[in-house]
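Q: I'd like to learn how to read a structure like this one, feature by feature. Could you walk me through it?

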Amino acid sequence: MRHLLSTADLAREDAIRILDTAEDMAEVSSREVKKLPTLRGRTVVNLFFEDSTRTRMSFEVAAKRLSADVINFSAKGSSVSKGESLKDTAQTLAAMGIDGVVVRHGASGAAHTLAHAGWIDAHVVNAGDGTHEHPTQALLDAFTIRRRLHGAASRGRDLDGIRVTIVGDVLHSRVARSNLWLLRTLGARVRFVAPATLLPTAVGDWPAEVGYDLDAAIDAAPEVVMMLRIQSERMHDTFFPGEREYAREWGLDDARLSRLPKTTMVMHPGPMNRGLEISSAAADDPRSTILEQVANGVSVRMSVLYHLLAGPEGDAE
Amino acid sequence: MTHDSAQHGVTLVRGAALLGGGAADLWIRDGVFVEPADRADLTVDAAGLVALPGLVDLHTHLREPGYEQSETVLTGTRAAASGGYTAVFAMANTLPVQDTAGVVEQVAALGRSAGYATVRPIGAVTVGLKGERLAEIGAMASSRARVRVFSDDGMCVADPLLMRRALEYVTTFDGVVAQHAQDPRLTVGAQMNEGERSARLGLAGWPAVAEESIIARDVLLAEHVGARLHVCHVSTAGSVDVVRWAKSRGIQVTAEVTPHHLLLTEALAESYDPRYKVNPPLRTQEDVEALRRGLADGTIDIVATDHAPHPAEAKECAWGEAANGMVGLESALAVVQQAMVATGLLDWADVARVMSSRPAEIGRLDGYADPLAVGAPAHLTLHDPAAGRTFATTDLHGRSANSPYLGIELPGRVVHVWHAGRRTVADAALLAPEEVAP
């Protein structure tokens, strides 16, 4: 693997290999000295054109636990805000001999362009590009699901037959896209639940079941319910009438929580709008994996950086 | 100033296949086709070449004034000549906008002094292309630029009342409104054709209905007020159906398709390479096939390039940040050969119609009604359909290189071009400005 840009082109063996290595990384993170020498002498840049403190911190911790040198580059207050282009930034990093670039960008395909335009030779990790993909989020979600299901016996397993219901703004969600492709690759079944305005018009061509009725989806007792964040600007663009109606129809409220099986996982990529797409009780319920997702994010990102930057394949090209 | 002697005297073009038919000789003198003479000052061997009338592009962006880093009238008409064109209609989205007599006269004059092609400016429909109030359409029509085509291209005349008024008002001057059919509200932030692919790539969709609904509205308005309507760059199968229906009702509507919509599909967006970002966007294979059929059966009248030069920095970025548009003058004839002639949908006489006489008729440009006829202005393009090439930046002669065909094998080659009897391309090489300028 040279880059991680999308889960759509991630082979099953590669995905499972990343998840298995993440298990090893999780062990490192539980030690007193949480550090491996693996990426000593390598430099990783967190290139964030869009603000995301959580994701950036997760990547930073991951790289540091592998002993990489980490540089954080945020667009705000940098030359980017003075009009410097992605190309110029990339060429600047190339001139500095950077080994890996973790990129978050508001434009879909920016990570792909960075990897393929010939501006820089480094390994590229997509940390979220527009409304396209967020592959490490999907990997950490899959890791979280697998761990809850199989615990210490997780290594080598896929998610065959697991039913995952993803609720909310699928249209604009890079998390939903990356999860769909990865979950399918790992054998899970995906169901989207949302108002029709927040589903792509061509969603019928995707390998997912689609429904509008959250109550019916809850009563189908899926193994996982994943709630997506609703952004307030969607309301102003008339995707739905207002917060109250959205919460009533598509929010995971206490009543719906109570109808979920005790074993169903409640997931959310964060940051949450408590009281809108998810109630506080649901977020804090034992079924919620939200804090595990954060912890697992570090392990999964360590694994991704390891596979891209450390192995013989990483050195190739 | 000395001119190439080839620009004067009697020229004999020997043995060209006229409109792809039988081989015959053409004689040129004093800028027009003439009866055979006793002797020629210059003889051009045209055996194996197809003689076409000089091509006419109803939809070109020359960018001057205002965006000279992308193109100028000189560089854009050089690109045109190299592609076999002898006339271009220059879109109004310059800076300042071509919405006054002064600006359109300036653009026309720049074209005359360059000499590579006749430049007919298109006038803006509304002041500053803002879609608020009518531009000085009458002043532009009666100016020395004799504007007959009015368009806010790049922007849609979205307000239905303003569109009605524009259609009615241009009728006064035998003009036509060329509509960029794009409902602005249905295409906010749009990046590519809306469908499964746009959803997967995370690029905001540009739905076909945003084009089709405006065309449907406009043909009904044109019918109601008895005006002429021209539809720019039709890109969807549904649009072809709407235009076909309108023509069957006797509505005075004409339509154009670009070469790229006849050949390329949205699949190219998978690369996120902004060279493939264009407005309207590349559509599906089904749309491409419907457009080809529409052009073949006359529903779509003409091919127009929508030549849209952009500097490198406008395309060397993420897709969502890139400018819309492709250069097209240099590659149009080759693409039409591949998409329409090689497929048997058009013959060369049809190509002459859709790329020369019909666009001239829509734009009220004289001199193209009787292609290659004695007495007509000598606008002539000799095309070698048997030649082929890997299209490269050396084939581009404008100021910008944002072509989607670079590195692709394209058939045919423009070998010689005369604009009003003066050579602009000889032996597949573009003549220098001082050889072409009058």
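Q: Let's begin with strand pairing. In which sense do strand E8 and E9 of chain A pair, and over how many bridges?

A: Keep in mind that this is a predicted model. To read a strand pair, look at the direction of the two strands and count the bridges between them. Here E8 of chain A, residues 224–227, pairs with E9(A) in the parallel sense, and three bridges link them.

Q: What about the open sheet of four strands in chain A, and what is its order?

A: Read it the same way. The order is E2-E1-E3-E4 of chain A, and again the pairing is parallel. Strand E2 (69–74) and E4 of chain A are the edge strands, each pairing on one side only. The twist in this sheet averages 15° from one strand to the next. One place to look is A:Gly100, whose bridge partner in E4(A) is A:His123.

Q: Now for domains. Into which domains is chain A divided?

A: Check whether a domain is one stretch of sequence or several. Domain 1 of chain A is made of 12–133 plus 294–315, while domain 2 covers 135–289. Their centres, taken over C-alpha atoms, are 26 Å apart.

Q: How many residues does each domain of chain A give to the contact?

A: A contact has two sides, and you count each one separately. Domain 1 of chain A puts in 23 residues and domain 2 of chain A puts in 20 residues. On the domain 1 side, helix H1 (12–29), strand E4 (123–129) and helix H12 (290–309) of chain A are the elements giving two or more residues. H1(A) gives the most to that side, with eight residues. By class, the domain 1 side that touches domain 2 of chain A has nine nonpolar, seven polar and seven charged residues.

Q: Then the contact between chains: how many residues of chain A are in contact with chain B?

A: Apply the two-sided reading here as well. On chain A, 21 residues are in contact with 16 residues of chain B. Helix H3 (86–95), helix H4 (110–116) and helix H6 (174–185) of chain A each supply at least two residues of chain A's side. H4(A) gives the most to that side, with three residues. Sorted by class, the side of chain A that touches chain B has six nonpolar, 10 polar and five charged residues.

Q: Stepping back, why does chain A count as being as compact as a globular protein of its length?

A: Start with the inventory, which for chain A is 13 helices and nine strands. Then compare the radius of gyration with what the globule rule gives: for 317 residues the rule gives 20 Å and chain A has 19 Å, which is close, so chain A is as compact as a globular protein of that length. The C-alpha atoms of chain A fill a box of roughly 55 × 45 × 35 Å along the principal axes. Of the 317 residues, 49% count as buried.

Q: And how many helices and strands does chain B have?

A: Chain B comes to 12 helices and 19 strands. A compact globule of 438 residues would have a radius of gyration near 22 Å, and the 21 Å of chain B agrees with that. Its C-alpha trace spans about 65 × 45 × 45 Å along the principal axes. In chain B, 59% of the 438 residues count as buried.

Conventions. Residues numbered from 1 in each chain as written. Chains lettered and ligands numbered in written order. Predicted model: local features only at pLDDT ≥ 70, side-chain atom pairs only at ≥ 80, totals over all residues. Contact = placed C-beta atoms within 7 Å. Nonpolar A, V, L, I, M, F, W, Y, C, P; charged D, E, K, R; others polar. Pairing = 2+ DSSP bridges. Domains from an automatic or database assignment. Rg over C-alpha atoms; globule rule 2.2 N^0.38 Å. Buried ≥ 20, exposed ≤ 12 C-beta atoms within 10 Å, placed from the backbone. Axes fitted to C-alpha atoms, helices over the stretch in contact; angles between N-to-C directions.
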